[in-house]
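These are my notebook entries on one protein model. I looked up its overall build, then its surface, then its aromatic rings.

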Amino acid sequence: MLHIKVDEKSFNETNILKNIDISLKQGEFISIIGPSGCGKSTLLNIISSLDNDYKGELTGDFSKLSFMFQDHRLLPWLTVKENLLLVSKTKDEKEIIDLLETINLVHILDEYPKKLSGGMARRVALVRSFINKPKLILLDEPFISLDYPTSMGLKKELLTFYNKFKPTIILVTHDFSEAILLSNRVLFFSKNPAKVLVDFENLDCHIFNQMKNDEIKNKFLAKYPKILEGEI
Ligand code: ADP
């Protein structure tokens, strides 16, 4: 169990997060949706201990954690293999090859990032986030600015890894459909100071059925029409 409690987080006297209290079971996949600038990335920075300047506490094991960002953040002077080995604690090449094989990517092992398409580089970043078998993975809009087929492919690959390793995942997204597809819980944040407005349990996740997912989405939005603007 992980417990994230942020009583207060401010930047220059402006209160960004207030009374956030989230409990997560091991292996849960949750999404966080909220208006732009409400503090979602700030919360991920707190969870990953990049930011310790807040009132509150994290309880549970946050030590085995990885972070995937919007951009791939691969080092351009290293090959794919070298980029992946760089973060590997065991430096075990076989582990890296196995991960790449899982999503049919072994052929790019010796490529440099500049030779890869944006989608391909993002797939490598996805593989990187599963190296060292993290117990918690933070995803900050990892599917943003990808075309639809590439984005759907990456989501399928994320679920392949998720089902294999069962980490706890926290996904920040602005895309409700994506959250319904991927996560078993969706937390909706308010505008600043951000707090959790609705904690939506989504039992029918991981089903690639657009019509069914639209149905879930529309039913929820009919109940909370202003939720995506951070209002209830
Ligand atoms: P979100 O991820 O929800 O779009 P952020 O967490 O990036 O929002 O930012 C929340 C608010 O905090 C924004 O108003 C942003 O300008 C402000 N902010 C973020 N980081 C800093 C910082 N290092 N210094 C001052 N203000 C910041």
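**Entry 1: elements and overall form.** I took helices (H or I, at least four residues) and strands (E, at least two) as DSSP runs, numbered from the N terminus. I noted that this is a predicted model, in which local features need pLDDT of at least 70 and side-chain atom pairs count only at pLDDT 80 or more, while totals for chains, interfaces and linings use all residues. Residues are numbered from 1 along each chain as its sequence is written, and side-chain values use heavy atoms, with hydrogens and water left out.

I found 7 helices and 9 strands in the protein chain. I then looked up the radius of gyration, which is taken over C-alpha atoms; the globule rule is 2.2 Å times the number of residues to the power 0.38. The radius is 18 Å, close to the 17 Å that the rule gives for 232 residues, so the chain is as compact as a globular protein of that length. The C-alpha trace spans about 50 × 45 × 30 Å along its principal axes.

Entry 2: I counted a contact where heavy atoms lie within 4.5 Å. Of the contacts with a separation of 6 or more, 69% join residues 24 or more positions apart. For burial I used relative accessible area: buried is under 20%, exposed over 50%, and partly exposed in between (1.4 Å probe, protein chains only). Of the 232 residues, 50% count as buried.

**Entry 3: aromatic rings.** I let rings of Phe, Tyr and Trp (its six-membered ring) pair if their centres lie within 6.5 Å; planes under 30 degrees apart count as stacked, over 60 as edge-to-face and the rest as tilted. How many aromatic pairs does this rule give? The count comes to 11.

I looked at Phe29 and Tyr162, an edge-to-face pair at 5.3 Å centre to centre, with 65 degrees between the planes. Phe29 lies in strand E3 (residues 29-33) and Tyr162 in helix H5 (residues 148-165), so the pair ties together parts 133 residues apart in sequence. Phe29 is buried at 0% relative accessible area, and Tyr162 is buried at 4%.

Phe176 is in helix H6 (residues 176-182) and Phe188 in strand E8 (residues 185-189), 12 residues apart. Phe176 counts as buried at 3% relative accessibility, and Phe188 is buried at 0%. I noted finally that ring pairs link Phe176, Phe188, Phe200, Phe220 and Tyr224 into a cluster.
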